[in-house]
Amino acid sequence: MRVIILLLVAVGIGGWYWNRQNTLDEAAVTRFYDIATEHVLNGQGKELCAMLTKDFTRTGINSTSQGRIQENADKQETCDKYDKMFDGMAHTGGMMSANYQINIEHIEIGKDKRSAEVKLATNVSMAIGPIGKVAETRDKSVETLVIRNGKVMLQKSEGTAITRTIGDRF
């Protein structure tokens, strides 16, 4: 009888732990974006890429001085962009720096607590030592986060952005 009771308690604790590790809340969403910010500021493209689901998609319109550009990317294209951006920064000999800010405007946790829709605004600016700011992108996005095997991941991002470069007004 004791063995059965201990087994039931173990199953109950295991079920609670599994459910806790596989549900999203606002704190987990905030933590996800804090970690992503650290990866951006530290030039960690591979770590950023690992935060994307295999079926990740990014769609959006980027307004530049050249006009409006429709941008669509899957996980591999996004990871390639990360690599290119951070490699470019590394080749400046430490003279290029990035400022990256995220403002979470709204979090809506799904009824199943396994997904969340997040409305956010981001601001990314790049500067080169004595020159100062050379590029800035302001973005408004709606992103879908999911939890898979206890890990919060970005599945989808849709948004609009405005990018300005050194020849444009900041």
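User: In the hairpin of S5 and S6, how many residues sit between the strands, and which one takes a positive phi?
Analyst: The model is a predicted one. Two residues lie between S5 and S6 in that hairpin, and Asn149 has a positive phi near 50°.

User: How many bridges join S5 to S6, and which way do the strands run?
Analyst: There are 14 bridges between S5 and strand S6 (residues 151–165), and the two run antiparallel. One of the pairings is Ile147 with Val152 in S6.

User: What about S4 and S5, how many bridges there?
Analyst: Strand S4 (residues 115–128) and strand S5 (residues 132–148) are joined by 14 bridges, again running antiparallel. Ser125 has Glu136 in S5 as its bridge partner.

User: Switching topic: how many disulfides are there?
Analyst: The count is one disulfide. Cys49 is joined to Cys79, with S to S at 1.6 Å.

User: Where do Cys49 and Cys79 sit in the chain?
Analyst: Cys49 is in helix H3 (residues 45–49) and Cys79 is in helix H4 (residues 75–90). They are 30 residues apart, so the pair links distant parts of the chain.

User: Are those two cysteines buried or exposed?
Analyst: Both Cys49 and Cys79 are buried.

User: Which hand does the disulfide have, and why?
Analyst: The torsion about the S-S bond of Cys49 and Cys79 is about 80°, so the disulfide is right-handed.

User: And aromatic pairs, how many?
Analyst: The count is one aromatic pair. The ring centres of Phe32 and Tyr33 are 5.1 Å apart with planes at 90°, so the pair is edge-to-face. Phe32 and Tyr33 are both buried.

Technical notes
Residues are numbered from 1 along each chain as its sequence is written. This is a predicted model: local features need pLDDT of at least 70, side-chain atom pairs count only at pLDDT 80 or more; totals for chains, interfaces and linings use all residues. Side-chain values use heavy atoms; hydrogens and water are left out. Rings of Phe, Tyr and Trp (its six-membered ring) pair if their centres lie within 6.5 Å; planes under 30 degrees apart count as stacked, over 60 as edge-to-face and the rest as tilted. Buried means under 20% relative accessible area, exposed over 50%, partly exposed in between (1.4 Å probe, protein chains only). A disulfide is a pair of cysteine sulfur atoms within 2.5 Å. Helices (H or I, at least four residues) and strands (E, at least two) are DSSP runs, numbered from the N terminus. Two strands pair if DSSP finds at least two bridges between them.
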